[in-house]
Amino acid sequence: MASTQADGAVRGPGRPREERVTGAVLNAVVDLVTEQGIAAVTMDTVAARAGVSKPAIYRRWPTKQDLIIAAAETRIGTLSVPDLGDFRAELRFVLTARLEAYRLPGSDRLIAGLIGASADAGAARGQYAEYTERITSETRRILERGIDRGDVDPDTDVRAAATLVAAPLVFRLIGELEMPDARFVDSLVDLVAKAVGTAG
């Protein structure tokens with residue numbers, strides 16, 4: 001039952017406030033990483049930046065790893081690719097969406113920090129593996145759809161091919177310290193299609 005405030009206004013359900021808190025916290029994480037790097041992310045600094053209490057953060061994200069992954073997922077999350085009737089077109093859709101996310105300010109630091117944190121997380125590494133599985137799930141789906149449709153080789157190792165799709169953009173950004181561009185996406189589409197596509 002909604003509570004009545006002193007001024008007579010009726011307070012609505014709590015979900016909009018929950019969403020505001022979630023948004024403020026995750027935005028604070030991204031901002032801190034963009035400005036200072038992943039080391040700046042502590043529950044104290046995030047709470048202060050977001051203007052929320054630490055208990056409010058811990059209720060949603062029990063560990064720093066949970067918080068970093070949730071923030072990363074606001075930038076690099078799951079995709080939904082429509083059936084475009086052609087594997088190359090669907091692959092371009094995925095890579096272009098990732099390119100747009102990687103080009104946002106701070107994405108390079110966020111991804112680099114996420115990779116570094118995953119190496120240090122010990123028993124929590126499973127959380128990062130689960131995140132990776134989520135963000136590559138749509139690539140696996142379009143590969144499987146391509147196999148069913150006949151424009152992807154049925155002998156394709158779908159998991160390996162999904163890694164082949166995901167890794168080059170990240171390495172260009174983090175390893176080579178160069179911002180990927182549309183031309184790079186075009187090259188990747190051609191290379192992946194040659195590797196797993198069917199002739200004709």
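I began with arginine 49, which forms a salt bridge with glutamate 35 in this predicted model. The closest N and O atoms are 2.8 Å apart. I noted that the pair links distant parts of the chain, with arginine 49 in helix H2 (residues 43-50) and glutamate 35 in helix H1 (residues 15-36). They sit 14 residues apart. Arginine 49 is partly exposed at 37% relative accessible area, and glutamate 35 is partly exposed at 47%.

Next I looked up glutamate 73 and arginine 134. Their side chains meet in a salt bridge at 2.9 Å, N to O. Glutamate 73 lies in helix H4 (residues 64-75) and arginine 134 in helix H7, so the bridge ties together parts 61 residues apart in sequence. I read 25% relative accessible area for glutamate 73, partly exposed.

I then stayed in H7. Glutamate 138 and arginine 141 form a salt bridge at 2.8 Å, N to O. They are three residues apart, about one turn of the helix. Glutamate 138 has 7% relative accessibility, under the 20% limit, so I count it as buried. Arginine 141 is partly exposed at 37%. I also found one network of salt bridges with shared partners, joining Asp83, Glu90, Arg145, Arg149 and Asp151. My search of the whole structure gave 15 salt bridges.

Threonine 136 also lies in H7 (residues 125-149). It is buried at 10% relative accessibility. Its side chain makes a polar contact with the side chain of arginine 140 at 2.7 Å. Leaving out residues up to four places away in sequence, I found that threonine 136 touches Ala162 and Ala166.

Technical notes
Residues numbered from 1 in each chain as written. Predicted model: local features only at pLDDT ≥ 70, side-chain atom pairs only at ≥ 80, totals over all residues. Heavy atoms only, no water. Helix = DSSP H or I, 4+ residues; strand = E, 2+ residues; numbered from the N terminus. Buried < 20%, exposed > 50% of the residue type's maximum accessible area, 1.4 Å probe, protein only. Polar contact = N/O pair within 3.5 Å; in protein donor to acceptor, adjacent residues only side chain to side chain. Contact = heavy atoms within 4.5 Å. Salt bridge = Lys/Arg side-chain N within 4 Å of Asp/Glu carboxyl O.
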